[in-house]
Amino acid sequence: MHGGGGVAATGRVGGGASCWRGVSRATRLRLLAAAVGALLFFTARPCLAASEPGSSGGSSWGRPRLATSGFYPIWEDTGSLLEPADIQLASNGFRVRIPGDVQLGLQPTYYLHRAPNLEAKVSILKRAELQLALRQSVIVLFRNAQDRMITPVYASRLTNPNSNVVLAPASLHATWRPFSFLLVHGSATVLPMLSNEKDFENRAVGGLSAMVELPVVRGHSLLLHGGEVGLWDHDFAYLGASYRLNYAWFMMQLGFAYRLRPEGAQGSPLLSVGAYL
């Protein structure tokens with residue numbers, strides 16, 4: 001998805017750079033609305049039919065209904081894992097569910113910018129109304145990462161011209177379902193930035209995020225996104241909305257988000273596409 005994936009050229013690791021420069025805001029909104037309308041037209045009828053009494057449908061916690069990841073790879077996620085033995089190949093992550101309530105994954109776009117990474121997500125509570133998961137990631141940023149990566153996922157004022165840096169974000173993710181038509185996903189993350197080089201000061205930053213998911217019909221969801229990055233060392237906040245489609249083997253998420261920084265706000269369209277194997 002993505003809207004984001006590494007260390008910004010400005011020396012920040014963060015948020016979602018737009019690839020629609022030069023296109024007016026009104027035109028962007030029309031294109032987004034047209035894409036969502038076309039998808040609803042071609043998929044809503046069979047999804048509604050599958051939801052009728054007597055029809056076969058997936059688990060309420062399964063692939064057809066719920067998000068298992070977020071738009072911002074480091075900061076957003078959910079308490080849900082993929083279904084057993086599922087493999088997800090998407091622009092915002094490759095993920096595989098293995099035995100023992102464990103999910104492994106990586107961010108493919110980071111590798112394009114020579115940033116090896118790996119993550120593990122473990123379910124620690126799974127109930128009808130509440131799911132909790134822990135996630136640990138490791139991302140290696142080689143020297144001058146801020147000059148190679150142009151699509152940000154996190155703004156930390158990080159520059160490493162002479163140092164290799166390891167990012168090791170650790171997160172607790174929750175998915176709460178108070179009603180059948182409402183889900184709330186929350187994440188709390190601590191991101192240590194570590195190096196053994198003398199010119200880099202080891203430090204850690206925190207972040208909080210929330211997603212409100214409204215399952216419209218089977219396979220279709222509307223989501224509201226919000227988060228704060230930096231906490232004790234405020235960096236930016238973000239607000240956004242997205243539409244998510246999980247239809248058979250295909251998945252897509254399309255949205256728009258604003259990053260709010262002290263120097264001003266920046267809006268970006270966000271897109272993720274992928275498939276289940």
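**Overview**

The accessible surface of the protein comes to about 12500 Å², and carbon and sulfur atoms account for 66% of that area. The model is a predicted one. Its secondary structure consists of 3 helices and 13 strands. The protein has 277 residues, of which 51% count as buried. Among contacts between residues at least 6 apart in sequence, 56% join residues at least 24 apart.

**Nonpolar core**

- In soluble globular proteins, nonpolar side chains tend to be buried together.
- The largest nonpolar core of this protein holds 21 residues, and those touching the most other members are Tyr72, Trp75, Ile139, Leu141, Leu167 and Met193.
- Two or more residues of this core come from each of the elements β5, β6 (165-167), β8 and β11 (236-247).
- Apart from neighbours within four places in sequence, leucine 167 is in contact with Ser137, Val138, Ile139, Leu141, Leu158, Leu191, Pro192 and Met193.

**Threonine 189**

- Threonine 189 belongs to strand β8.
- The relative accessible area of threonine 189 is 3%, and it therefore counts as buried, the cut-off being under 20%.
- The side chain of threonine 189 makes a polar contact of 2.7 Å with the side chain of serine 171.
- With neighbours within four places in sequence left aside, the residues in contact with threonine 189 are Ile74, Trp75, Pro169, Ala170, Ser171, Val205, Gly206 and Gly207.

**Salt bridges**

- The protein contains 6 salt bridges.
- One of them joins the side chains of aspartate 101 and lysine 126, with an N to O distance of 3.5 Å.
- This pair links distant parts of the chain, 25 residues apart: aspartate 101 lies in the loop between β2 (93-98) and β3 (102-106), and lysine 126 lies in strand β4 (residues 117-126).
- Aspartate 101 is partly exposed at 29% relative accessible area, whereas lysine 126 is exposed at 51%.
- Arginine 135 and glutamate 119 also meet through their side chains in a salt bridge, at 3.3 Å from N to O.
- Here the partners are 16 residues apart and again link distant parts of the chain, with arginine 135 in strand β5 (residues 130-141) and glutamate 119 in strand β4.
- Both partners fall under the 20% cut-off for burial, because arginine 135 has a relative accessible area of 4% and glutamate 119 one of 8%.
- A further salt bridge, 3.3 Å from N to O, is formed by the side chains of glutamate 197 and arginine 143.
- These two residues are 54 apart and link distant parts of the chain: glutamate 197 is in the loop between β8 (182-194) and β9 (203-217), while arginine 143 is in the loop between β5 and α3 (145-148).
- Glutamate 197 is partly exposed at 27% relative accessibility, and arginine 143 is partly exposed at 38%.
- Through shared partners, salt bridges join Asp77, Glu119, Lys121 and Arg135 into one network.

**Arginine 97**

- Arginine 97 is part of strand β2 and is buried, with a relative accessible area of 11%.
- A polar atom of the arginine 97 side chain lies 2.3 Å from the backbone oxygen of leucine 82.
- The side chain of arginine 97 also makes a polar contact of 2.8 Å with the side chain of aspartate 101, the residue that forms a salt bridge with lysine 126.
- Beyond residues up to four places away in sequence, arginine 97 touches Leu81, Leu82, Glu83, Pro84, Ala85, Asp86, Val102, Gln103 and Lys126.

**Nonpolar surface patch**

- Ile87, Leu89, Phe94 and Leu277 make up a nonpolar patch on the surface, and together they have about 340 Å² of accessible area.
- Leucine 89, one of the patch members, is found in strand β1 (residues 87-90).
- At 37% relative accessible area, leucine 89 counts as partly exposed.

Terms used. Residues are numbered from 1 along each chain as its sequence is written. This is a predicted model: local features need pLDDT of at least 70, side-chain atom pairs count only at pLDDT 80 or more; totals for chains, interfaces and linings use all residues. Side-chain values use heavy atoms; hydrogens and water are left out. A salt bridge is a side-chain nitrogen of Lys or Arg within 4 Å of a carboxyl oxygen of Asp or Glu. Helices (H or I, at least four residues) and strands (E, at least two) are DSSP runs, numbered from the N terminus. Buried means under 20% relative accessible area, exposed over 50%, partly exposed in between (1.4 Å probe, protein chains only). A polar contact is a pair of N or O atoms within 3.5 Å; within protein, one must be able to donate a hydrogen and the other to accept it, and residues adjacent in sequence count only if both atoms are side-chain atoms. Contact means heavy atoms within 4.5 Å. Patches are made of residues with over 30% relative accessible area and no salt bridge: like charges are joined within 9 Å, nonpolar side chains (Val, Leu, Ile, Met, Phe, Trp, Tyr) within 5 Å. Accessible areas come from the Shrake-Rupley method with a 1.4 Å probe; for residues, only the protein chains shown count as cover. A nonpolar core is a set of buried Ala, Val, Leu, Ile, Met, Phe, Trp, Tyr and Cys residues joined through side-chain atoms within 4.5 Å.
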